[in-house]
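Trainee: I have a model open and would like to talk it through with you. Could you take me through it piece by piece?

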2 protein chains.
Amino acid sequence: MLKSFARPPKPTKDEIKARTEAEQAKLASNQIAIKEAKVPVMVIFEGWGAAGKGGVLSRVIKDMDPRFFEVATMGARPTEAELRRPFLWRYLVEVPEQGQFKFFDTWWKEEVTTGVLLGELDRDAYDRRIDSINVAERQLIDNGYLVMKFFFHITQKEQRSRLDALAADSYTSWRVNDDDWWENDHYDECLRVYDRYLRDTNRSSAPWYIIDSKDRAWATLQVLEFLNSGIETAIQNRGIAAPIRQNVFPLRRTVPLAEIPLDKELDDDEYKAQLKALQARLSELHNQVYLRRIPVIIAYEGWDAAGKGGNIKRITAALDPRGYRVHPIAKPEPHELARHYLWRFWRRLPKSGHIAIFDRTWYGRVMVERLEGLCSTNDWQRAYNEMNEFERELTDCGAVVIKFWVQIDKQTQLERFTDRQNTPEKQWKITDEDWRNREKWDLYEEAIDEMLRKTNTTFAPWHVLESNDKRYARIKALRIVVEALEAAVAEREGSAGEGA
Amino acid sequence: MLKSFARPPKPTKDEIKARTEAEQAKLASNQIAIKEAKVPVMVIFEGWGAAGKGGVLSRVIKDMDPRFFEVATMGARPTEAELRRPFLWRYLVEVPEQGQFKFFDTWWKEEVTTGVLLGELDRDAYDRRIDSINVAERQLIDNGYLVMKFFFHITQKEQRSRLDALAADSYTSWRVNDDDWWENDHYDECLRVYDRYLRDTNRSSAPWYIIDSKDRAWATLQVLEFLNSGIETAIQNRGIAAPIRQNVFPLRRTVPLAEIPLDKELDDDEYKAQLKALQARLSELHNQVYLRRIPVIIAYEGWDAAGKGGNIKRITAALDPRGYRVHPIAKPEPHELARHYLWRFWRRLPKSGHIAIFDRTWYGRVMVERLEGLCSTNDWQRAYNEMNEFERELTDCGAVVIKFWVQIDKQTQLERFTDRQNTPEKQWKITDEDWRNREKWDLYEEAIDEMLRKTNTTFAPWHVLESNDKRYARIKALRIVVEALEAAVAEREGSAGEGA
């Protein structure tokens, strides 16, 4: 794309000035339109060092209301905390709220192409990054984000003369660093890598706009025109349904909930003996997981009063409290609702070596949000694939993902609700909403069966915990966690890192 | 305190076991009581290396519901992003929500005493830290936090034998680091510094509990007993009014709003000429501020329709968009309401070299929250001093704090409201709430006069911007910002750091 880039004809100075003023004014009113249409806008600036991204940015925002946009500078190398999470993480936690503009001074392109140029990313790793990026960008767009990507292009000669000029001036010399000189010295190699990246991530829903950046005023106008036109299209297209994609992930077969026998039991002695042994083993494994920097995600879903809380407690009792965190997931808060629905889970991802336990999860999308009409039909239908992609991203980074469905029958739920109602210390656990949900049992069961069927991937399968007898369910959960961690530790045998 | 610590008589093994089980059960029910009473609880563990904080923690939480507490490990040295903010910052952003327990595996004691032992903190710097800490702890407690501080104490000999044992076992050797050996080699020196710190931060509202940690079971029981008793006292005392402290900060005199003449004007030519010159100067200064790593906070308060937005825009127009952020402050979200009211502002503090502009601020506490009954009388009366302390903390770290009150008269507001109502592109700016607030003009004026009088400190004074003529107000604001930044840059002349 860069190699074949044909410079657009440059207008006269006066024409640039007139058109720029018109576009700046248009952007100011588009900003209000975006706010009212509640579209989140991400404007991404990538390009050659000294290509003038900062100067163009200042001109682009000139007439915008500074209260309703943000600028994020992402060019720094990832910190240790960031390196201990999936590659996408430090970017995705930055996505803006609905109705907000966010400008990014470099985005994941910079990190990936730098990785290739420094030889840190081999061909396979690069391909995986590209897959991750394409999935992430598509998910953002399918969920209503407008993503505008600009590449600021200048020639090697132009770059060299800018670097020389910046370096010569004591006011600006600090802006030039070794990476800039290196890039200029290796311009052709960089060009090849950038060109490849642009081609690999250029899709109709989020195309690259290459900006001829030799002249700053002209570059500004190009950005403004593309941006305004992109915004106008996005507002027009707002609310259109994104395609429901065919499943491409390997799935395991599932059994409908109604066919799962719930008569499994454990007597008290056996329970206590197994509990003790499994917790002791889990405790050792937690140490191993920590030393080998394996991230672990345990997701709990289940009927109200199925015994999730008590089950989780039997897991955590074996863990070092400094190495895990339980996330109770309630109704999203306004700032969470205003972003991609997975955002609040991205933010809660554990760093490597840590365990995150979710008490209810992202699957709320295809249960409560589906049944209560909290998202559109298209939203929840698309979500199965999006959640599989999300979990694939996690397991590809070496995470262990364990998903539990805690199952009871309707009669058992009634008994437990009644018990909660009648026991003063347990009354905080039961609300009117629980009773209302219970009335929709059959609808929920249908939704859950569909969820289990469509998201029971080989890399992040569901485990049903038969919990009419809570002791049985607890032992089964502990055994599954122990086995999953044993397998993960065995796979990394000999690759233990330093504790931190 | 440590030097004179008298070990409490240790009960028999059986007695420890029985009392521990009782206390664990009590803590589980206290956890629910805390949740219902909406008290936020911070439990801080400090102590000698290898004193067994982690093991005790595991036993303390044994019966707690893991969904309603968190553990934060704070012992790592501060990151670059943390070092570029006030010392207290990385701790205060971690405070828990109402009704939540949060355990901290070390807190600010660790950072301060390490600083003293490494010679990084001289006597003056140490004293400032102690002042900051005492103010911060008091503010948390006055705002309803329960802060329980434990120091895990063992002798030099005991520590040495534990370190030897840990190091000898391949399963645990990674837990021992050079700092632990250093601490043991310099036990007496450390003891002196820790003892001093404990004495300096031991107050009746947040006393230190020294835990005899030679025996882990006994240490656990001591913590549990202190913790349960602290919780019970806190629940009993919930809602009591904290003292309103006498002002100790130097104040400038203020003029009541009613006496401020609002006839100041600028003609268009003069406005444009001054605007251009001041923005050019501000633009240069932004570069200086960035290079010298000066944090800048500009706070805007003012009547609805006073022209805050347009005023802010004239400031930001001169700034590099990568170096500032405008924070529009609306009604707090639930997770913000559930914490200390300054928490949402701590989180938005700029890093050094950056500029944060607040469109409405923490002063909402003594205006809208006061007048709408969103906090208690004691809360807002206490807030004047708390906000002065907050700003003092910022300026002590070298921040420039500029506070603007944007002033118009009642008739001008009416004209602007009517104009907004009648102009389609401006209608989003006016809501029913604006009209309701207008009805309370006199009450607001009284509250504002009190606010200006009580928080017009010499280190963070208020500047009234007469904004019946918006042009006059914009030029005045620009001039004040330019002068403040010039003074700050001059003060640091010759101390320019590296750009980053």
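Mentor: We can begin with the ground rules, then take chain A, and finish with the interface.

Trainee: Fine, what are the ground rules?

Mentor: This is a predicted model, in which local features need pLDDT of at least 70 and side-chain atom pairs count only at pLDDT 80 or more, while totals for chains, interfaces and linings use all residues. Residues are numbered from 1 along each chain as its sequence is written, chains are lettered from A and ligands numbered from 1 in the order in which they are written, and side-chain values use heavy atoms, with hydrogens and water left out.

Trainee: How many helices and strands does chain A have?

Mentor: Chain A has 20 helices and ten strands, where helices (H or I, at least four residues) and strands (E, at least two) are DSSP runs numbered from the N terminus. Its C-alpha atoms fill a box of roughly 85 × 50 × 40 Å along the principal axes.

Trainee: And how much of chain A is buried?

Mentor: Of the 500 residues in chain A, 56% are buried, a term that means under 20% relative accessible area, with exposed being over 50% and partly exposed in between (1.4 Å probe, protein chains only).

Trainee: Is strand β6 of chain A covered on one face or on both?

Mentor: Both faces are covered, with A:V296, A:I298, A:Y300 and A:G302 buried on one side and A:I297, A:A299 and A:E301 buried on the other. Seven of the seven residues of β6(A), residues 296-302, are buried, so the strand is largely enclosed by the rest of the structure.

Trainee: Which strands does β6(A) pair with?

Mentor: It pairs in the parallel sense with β8(A), residues 355-359, over five bridges, and also in the parallel sense with β9(A), residues 400-407, over seven bridges; two strands pair if DSSP finds at least two bridges between them. A:Y300 stands opposite A:D359 in β8(A), and A:E301 stands opposite A:W405 in β9(A).

Trainee: Switching to helices, which residues of α5(A) are buried?

Mentor: They are A:W108, A:K109, A:E111, A:V112, A:T113, A:G115 and A:L117, which is seven of the ten residues of the helix (108-117), so α5(A) is largely enclosed by the rest of the structure. These buried residues pack against several elements of chain A, including β1 (41-47), α6 (123-142) and β4 (146-153).

Trainee: Now the interface: how many residues of chain B are in contact with chain A?

Mentor: On the chain B side 45 residues are in contact with 45 residues of chain A, contact meaning heavy atoms within 4.5 Å. The two chains bury about 4000 Å² between them, 57% of it on carbon and sulfur atoms, where buried area is the accessible area (1.4 Å probe) that two parts lose on being put together, summed over both. In chain B, the residues that lose the most area to chain A are B:R67, B:R322 and B:W428, together 19% of what that side buries.

Trainee: What about salt bridges there?

Mentor: The count between chain B and chain A is six, a salt bridge being a side-chain nitrogen of Lys or Arg within 4 Å of a carboxyl oxygen of Asp or Glu. One of them joins the side chains of A:D105 and B:R322 (3.0 Å, N to O).
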